[in-house]
Amino acid sequence: MNGKAEPDDLNKLERLANNIKKSAICGLGQTAPNPVLSTLKYFREEYVEHVSYNKCRAGYCRALCNLVINPEKCRGCGICKRNCPVGAISGEVKMPHEINQKICIKCGTCADKCPFHAIEKQTI
Amino acid sequence: MVKLVIDNKPVEVEEGTTILEAARQNGIDIPTLCFLKDINEVGDCRMCIVEVEGRKGFATSCIQTVEEGMVVKTHSPEILEARKTILDLILSNHHKDCLTCSRSGNCELQALSIKFNVQKVEYEGEMSKHKIDDKSPAIVRDFNKCILCRRCVATCKNVQEIGAIDCIERGFSSCISTTYDHSLNDVDCTFCGQCIESCPTGALREKEYIDEVWEKLKDESTYVVVQTAPAVRVALGEEFGYPIGTNVKGKMVTALKNMGFDKVFDTNTGADFTIMEEANEFIERVKNKGTLPMITSCSPGWVRFAEKNYPDLLDHLSTCKSPHQMFGAIIKSYLAQKEGIAPHKICTVSVMPCIAKKYEASREEMEVDGNRDVDYVITTRELSRMIRQANISFRELEDSDFDDPMGEATGAGAIFGTTGGVMEAALRTAADTLEGKNLEKLEYTQVRGEKGIKRAELSLGGMPIKVVVASGLSNARKIMEEIKNGTADYQFVEIMACPGGCVMGGGQPIKSSKIRSAVDVRKLRADSLYSIDEASTIRKSHENPAIQKIYQEFLEKPGSHKAHKYLHTHYTAKEKYEI
């Protein structure tokens, strides 16, 4: 999820899930690994994309995506700039704004606040 | 009998046996971590899982009982992989600072890591962080090393019936702690130290005073006197590879002398003082119709328990200090006078099998004329560490004797270290005093043995008396309830906080769960003490010439004003922690 996994980690994850499933004492422990095991079975290519190409096609893994402002949609209202908790957004009023990726913590506040849906996730 | 197959070996065991026991009875070992025989059988660490044919998932061998026709595999590749995963997961949230851990070399988790050939940390990630609780004078808790096996919780709750600790919080924040996460010092803990004995890792340990003692030994202007409790000599050897219960008194004394202690004394002599005073107090109480039954007060864990739980019944406790406190007071008065040393220049160190003695030595009232009776208490384990630090080859040492003038102790003093011993020693002296002659009857076997509560009826000087010996605080509570209800028909009670007495104290060498389930450690150590008693030429405290001399020269007689000043104490009710 943070882009540091290695290809062998997928096998490790599978082994871990199987071992927990077999050795846990309670029903919760025996079933908790199931979501991991079934996604590994049916969506393995997405796992491989994450690990091998650092790509998250759902745009969910923060470490693998950047938040960028689409200049075509941005009207320069400044709401995102005012709401950004780390001051990563700059721009003149009525001009397209910009996010400084070095400062951005990818919290997603700007995307939630933007009235024009101008903030998009972009895979790295 | 039930027939089953374990690792292709057909075996037959009694019904109700667990798979683990069945395997061990037949020479097949299964690794365990949270399992502590008869105390903690909950199956929460998952280390002992085995494969049972026809069963989905693995079975927990420490709690799963055998069934007819079961086919069990304890070491299949799948099992080994699962166990290794479990160990890796436990290690992922364990502070692995083995180099600086007091349990290094005697840690069950470390032993398993070696067994499973752990070469790297498989799962690295977030670690829980806990503050270290070292507020109490006796126990240090470092829950960064805790693996949540709950052996300490079970010991506190089921064996001692105190329940000072339990699991708090949920999930990743789970932690073994006290009510509202207070320090152990502020709750109902009695400092018996049984939790330390049951901990598989270094999460619970004694408060060390090793550095302080070395400082005093370095300081040439301080006269450092050490005394060793009876139970230490039969356990210290275990730390140096001797079989359990080996009496290493001679080597221990040589080691202490080599380390630079100016005098090495035997707490057994202190125990003889305790008997003189306690037997006298008992006879006085019987004759003058004082508060009966009288209860011994040698065990500081028990005293703290009584002060917290039965503040109205403190009159029943003997006012005698415990042997090492008495001896400390004598050293700083009689010996100081005799050797011409100012009491404040003397430092008294006690080597004890006990954790609560550390707390006892720090109690306010344990001083005479501003001189602390005992300055430092170190445990058997700490002594073994000091011997190693001093680079002494313990096994190569010659034997030597305790120093005079208080080196001679009786067999009565030796048996103080086991449950029933104080009672037996007191009865020997009380019987002689009441009869007015030297009786041949020495051994009171009714008060010996492993039972938690032992009752006996005896005749002392023609007077029938009933005595009770209780060890372990759960049994102490039963006796106290009887006294409270008025159903107690006995006159003399001995109570020890630790189950089995001092030989099983919280400061003794820690035995792994496997050893504890295989051998009766208490019996081996206690038998060794009884054989010291049997081999002694003097077996009654009042016949000890050193004791007689000190009474003649200094204390006058048992129960005298001077004896009260140096050898007796008082108790105060302590507030119980109420939620």
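How much accessible surface does chain A have, and what share of that surface belongs to carbon and sulfur atoms? Chain A comes to about 8,200 Å², with 54% of that belonging to carbon and sulfur atoms. Keep in mind that this is a predicted model.

**View 1. Chain A from end to end.** Here's chain A, built from six helices and four strands. Starting at the N terminus, the order is α-α-α-α-β-α-β-β-α-β. Its C-alpha atoms fill a box of roughly 60 × 30 × 25 Å along the principal axes. The radius of gyration is 19 Å, while a compact globule of 124 residues would come in near 14 Å. As for burial, 31% of the 124 residues count as buried. Among contacts in chain A with a separation of 6 or more, 53% come from residues 24 or more positions apart.

**View 2. Where H3 and H4 of chain A meet.** Zoom in on helix H3 (residues 34-42) and helix H4 (residues 44-53) of chain A, whose axes sit 5 Å apart at an angle of about 90°. That's why H3(A) and H4(A) count as roughly perpendicular to each other. On the H3(A) side you'll find Val36(A), Thr39(A), Leu40(A) and Tyr42(A), and they meet Arg44(A), Glu45(A) and Tyr47(A) of H4(A). Sorted by class, this contact has four nonpolar, one polar and two charged residues.

View 3. Over in chain B, Asn371(B) lies in strand E15 (residues 371-372). Asn371(B) has 19% relative accessibility, so it counts as buried, the cut-off being under 20%. Leaving aside residues up to four places away in sequence, Asn371(B) touches Lys332(B), Pro343(B) and His344(B).

Key: Residues are numbered from 1 along each chain as its sequence is written. Chains are lettered from A and ligands numbered from 1 in the order in which they are written. This is a predicted model: local features need pLDDT of at least 70, side-chain atom pairs count only at pLDDT 80 or more; totals for chains, interfaces and linings use all residues. Side-chain values use heavy atoms; hydrogens and water are left out. Axes are lines fitted to C-alpha atoms, for helices over the stretch in contact, and angles run from 0 to 180 degrees between N-to-C directions. Helices (H or I, at least four residues) and strands (E, at least two) are DSSP runs, numbered from the N terminus. Angles under 35 degrees count as roughly parallel, over 145 as roughly antiparallel, 65 to 115 as roughly perpendicular and the rest as oblique. Contact means heavy atoms within 4.5 Å. Ala, Val, Leu, Ile, Met, Phe, Trp, Tyr, Cys and Pro count as nonpolar, Asp, Glu, Lys and Arg as charged, and the others, Gly among them, as polar. Buried means under 20% relative accessible area, exposed over 50%, partly exposed in between (1.4 Å probe, protein chains only). The radius of gyration is taken over C-alpha atoms; the globule rule is 2.2 Å times the number of residues to the power 0.38. Accessible areas come from the Shrake-Rupley method with a 1.4 Å probe; for residues, only the protein chains shown count as cover.
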